[in-house]
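Visitor: I would like to learn how to read a few side-chain features in a model like this one. Could we go through them one at a time?

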Amino acid sequence: MLNMQFDQRVIIDTSDMDWQPSPSGGVFRKPLAKEGAERGHATSIVKYAPKSSFSRHEHPLGEEILVLEGIFSDETGDYPAGTYIRNPPGSSHAPYSEVGCTLLVKLHQFSANDRNQVRINTRSEEDWIEGQGRLLMLPLHEFNGEQVAMIRWPAGQHFFNISHFCGEEVYVLEGEYRDEFGRYGQGTWIRNPHMFEYNPYAEEDTLLWVKVGHLPYPGVS
């Protein structure tokens, strides 16, 4: 197991990690958290070399993908960088990439009742809304307390102390995210445990993928 202690804060600069081979040739991974070798809860950065593919497989408790670079494909379509994808529990597909791609992938982390299939182009300007302060938000998904969004954090924007029931995950897509504990550049993955309190800010324009209210925690169902 790797980083399965959900009561601890985890910060990983994925740019410093080496790629590890997967069972499929041409597909490589940087594991961030995993329950088992090829099954169960997993969060990873995944890279498909050009013209590589993965054999058809099922996701018993769902799959969540953010396309970071290139074009990701399966039988439902071609998805360029910036696409947010949710494949619900019990779904299956045979993914591939003609030109190559890099993904943020989360497996086996859905509620069994979360059945919506999602495909969102996060680079569209149409659905962004104003958040607190000067932040802009693009809501991506919400179910049973879990919320996923893109957040644009303008330079010089400070925030009051925040904490989240059932935790938070942040992936830095552009710029640099900061708090009183450190500075987190592009490619950093942060997992904050249940009700972890901190004071975030940005000194340059920063783009984040953020997920809250979803982490397991003793005594919380």
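Visitor: Which residues is Thr43 in contact with, leaving aside its neighbours within four places in sequence?

Guide: This is a predicted model, and in it Thr43 is in contact with Lys30, Pro31, Leu32, Ala33, Leu104, Val105, Lys106, Gln109, Glu169 and Trp189. Thr43 has its place in strand E4, which covers residues 42–48, and it is buried, with a relative accessible area of 0%.

Visitor: How many disulfides does the count come to?

Guide: A disulfide is a covalent bond between the sulfur atoms of two cysteines. Here the count comes to zero disulfides; Cys101 is buried at 4% relative accessibility, and Cys166 is buried at 9%.

Visitor: How many aromatic pairs does the structure hold?

Guide: There are six aromatic pairs. In one of them, the ring centres of Tyr48 and Phe72 are 5.9 Å apart and the planes stand at 70 degrees, so the pair is edge-to-face, given that planes over 60 degrees apart count as such. This pair links distant parts of the chain, with Tyr48 in strand E4 and Phe72 in strand E7, 24 residues apart. Tyr48 is buried, with a relative accessible area of 6%, and Phe72 is buried at 1%.

Visitor: Is the ring of Phe181, which pairs with Phe196, buried or exposed?

Guide: Phe181 and Phe196 form a tilted pair, 5.8 Å centre to centre with 45 degrees between the planes. Phe181 is exposed, with a relative accessible area of 52%, whereas Phe196 counts as partly exposed at 22%.

Definitions and conventions:
Residues numbered from 1 in each chain as written. Predicted model: local features only at pLDDT ≥ 70, side-chain atom pairs only at ≥ 80, totals over all residues. Heavy atoms only, no water. Helix = DSSP H or I, 4+ residues; strand = E, 2+ residues; numbered from the N terminus. Buried < 20%, exposed > 50% of the residue type's maximum accessible area, 1.4 Å probe, protein only. Contact = heavy atoms within 4.5 Å. Disulfide = S-S within 2.5 Å. Phe/Tyr/Trp six-rings, centres within 6.5 Å; stacked < 30°, edge-to-face > 60°.
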